[in-house]
Each structure stands twice: as C-alpha cells, then as structure tokens.
Amino acid sequence: MPSPAGSGGHGCQRQLKGRITVGKGRSRAGQAADVEGAGGGLALWFTGLPGSGKSTLSRAVARELDVSDRRIVTILDGDIVRQFLSQGAGFTRQDRYDNVCRIGYAASLIVRHGGIAVVAAVSPYRDARARACALVEEAGGVFLEIHMDTPFTACVARDPKGHYARALDGDMELFTGVDDPYEKPLAPDIRVRTEIEDVAAGVRHVMAILQERRFLYSAGHKTTG
Ligand SMILES: Nc1ncnc2c1ncn2[C@@H]1O[C@H](COP(=O)(O)OS(=O)(=O)O)[C@@H](OP(=O)(O)O)[C@H]1O
Ligand SMILES: Nc1ncnc2c1ncn2[C@@H]1O[C@H](COP(=O)(O)OP(=O)(O)O)[C@@H](O)[C@H]1O
C-alpha cells in the first residue's frame, strides 16, 4: 500500500518536518483513492497535557461529527484504552510509546474501513505521534494533529482528577508536565487555545478547519464504516 506521507516505518514526514502532505490511499474496493477529499478515513488526534481539555473537546467534536458527517465516529480515549488495550501499562517512556502506537494501530483499522477515529491521549512524545500518524496514513487515512494548547498553570488550576496536586506533592511519579516531558507539536494541523476558546468555540474551530480543508463527508446516509 502506498504511503506517500509516511516515512517508511520511521514516522510521518508531515509530523516530523511540519509539512502538510496528504497523499493517495486505498478505497474500500482496494483501488487507489485520493484521500485529500472527503470520503476516506479520518483520524483526529487530540494531544495535550492532562487537564488540557482533550476528552471534553474530543467528545464534543465527535458528537458534532456524528450528526454532520456520514462516516461512523469512534472515540479512542487514553483513559479507556488503558483499561483494555493497554491494561497494566505504566507511564515510562516505553509504556507510553507502546500505548500511543496501540492507539495509532486501532485508529488505522478504523480509517482503513472509512471511519472517523477521534483520539484523546496525552501522547507526549513526537516520535510516538509520528508513528501513529504513519500508521493512519499507511491505512489510507488522513491524520490531523490537534494540539490542546492549554498552559501548564491552567491545567494545574483545573486539575479535574486531582493528579497535579498529587504529582506536585511528590505522590505521583513521571507525571506529564511535572516530572515527565510534554513535547509540543511543532506544526499541529489545529491548535486550540482553551484559555481563549471555550468548548463551543473549540468545536467551531475544529469543524471550520475540517470544512475549509474539505475533510467533511456530509452527503448521503450514515455508512457502517
Ligand atoms: N504519570 C502520569 N502522566 C500522565 N497522565 C497520567 C499519569 N498517571 C495517570 N495519568 C492519567 O492517565 C491519563 C493519560 O493516559 P494516556 O494514555 O493519555 O497517556 S499517554 O499518551 O500514554 O502518555 C491522564 O488522563 P487525562 O488527564 O485525561 O489526560 C491522567 O489522568
Ligand atoms: N475550552 C475548554 N475546552 C475543553 N475543556 C475545558 C475548556 N475550558 C475548561 N475546560 C475544562 O477543563 C477540564 C478538562 O478536562 P478533560 O477534558 O478531562 O482534559 P484531558 O482529557 O485533557 O485530561 C474539564 O473540566 C473541562 O470542562
């Protein structure tokens, strides 16, 4: 299968070099298909610090896509994935890399069948996100990286799960943003600044870019993916 936007097993070039290239994929019938237009599979990858708003915004976007796009929408949230696909995984670099690759692989299966994968995962390392991107693109899908660009201080103030308080007290190790790194996307497809965009504005922002880049597929009835 052609993988023009991937880099042959070394991650996605668009991710690594900050270029936007969307190439050819394969349709369900196995014929080469231009995936830049609507109709192929799509992965929306929400990345950001814990508490940055990934789950909240991704769910809201998924709800919007559910009514406005004919493709089946599947949410892959880090918290849920860790209960099933990555049960027992911790937060070492290797565990996180493996976790993100598993999510990327699950997303690749969804896009291969023409669905929309909405991913919400901290996914703090660029190389792991690039690998996920390559997996999706190799499956003929479009991968859009959405950076939840919420400052660390705002995430600490929100602290929806009380994790920052514990990590800052030294009760949790390897906590992203505290004693484990978050590598910001260098050239995200979409950057959501949640301090100035509320959830509704974030949904409008994401949907407007999908519309503008013609990644929405509205015609006809919902497909089975
Ligand atoms: N050490 C450490 N670092 C970061 N996050 C931690 C940690 N321990 C537990 N949690 C909770 O697990 C959620 C992140 O899981 P992910 O699968 O998205 O992380 S990763 O992509 O594998 O890095 C994350 O959920 P979100 O807050 O929804 O992002 C945390 O609540
Ligand atoms: N603009 C915004 N977008 C998304 N979440 C926001 C926004 N403003 C405030 N929040 C709040 O921030 C918290 C983020 O939690 P969550 O979505 O679980 O983040 P994450 O999945 O990144 O850990 C929620 O309580 C949410 O209501």
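Throughout these legends, Ala, Val, Leu, Ile, Met, Phe, Trp, Tyr, Cys and Pro count as nonpolar, Asp, Glu, Lys and Arg as charged, and the others, Gly among them, as polar. The structure is a predicted model, in which local features need pLDDT of at least 70 and side-chain atom pairs count only at pLDDT 80 or more, while totals for chains, interfaces and linings use all residues. Residues are numbered from 1 along each chain as its sequence is written, and chains are lettered from A and ligands numbered from 1 in the order in which they are written.

**View 1. The protein chain as a whole.** The protein chain has 8 helices and 7 strands, where helices (H or I, at least four residues) and strands (E, at least two) are DSSP runs numbered from the N terminus. Of its 225 residues, 44% count as buried, a residue being buried if 20 or more other C-beta atoms, placed from the backbone, lie within 10 Å of its own.

**View 2. The surroundings of ligand 2.** Ligand 2 is surrounded by 18 residues, the closest of which are Gly53, Lys54, Ser55, Thr56 and Thr194; a residue is near a molecule if its C-beta atom, placed from the backbone, lies within 6 Å of it. Helix H2 (54-68) and helix H8 (199-212) each supply at least two residues of this shell, and the largest share, 4 residues, comes from H2. Sorted by class, the shell around ligand 2 holds 6 nonpolar, 8 polar and 4 charged residues.

**View 3. Strand E6 and its two faces.** Strand E6 (residues 142-148) is mostly covered, with 7 of its 7 residues buried. In a regular strand the side chains alternate between the two faces of the sheet. From E6, Val142, Leu144, Ile146 and Met148 point one way, whereas Phe143, Glu145 and His147 point the other way.

**View 4. The strands that pair with E6.** Strand E3 (residues 42-47) pairs with E6 in the parallel sense over 6 bridges, two strands being paired if DSSP finds at least two bridges between them. Within this pairing, Leu42 stands opposite Val142 in E6. Strand E7 (residues 190-192) also pairs with E6 in the parallel sense, over 3 bridges, and there Val192 in E7 is the bridge partner of Met148.

How values were computed: A residue is buried if 20 or more other C-beta atoms lie within 10 Å of its own, exposed if 12 or fewer, and partly exposed in between; C-beta atoms are placed from the backbone.
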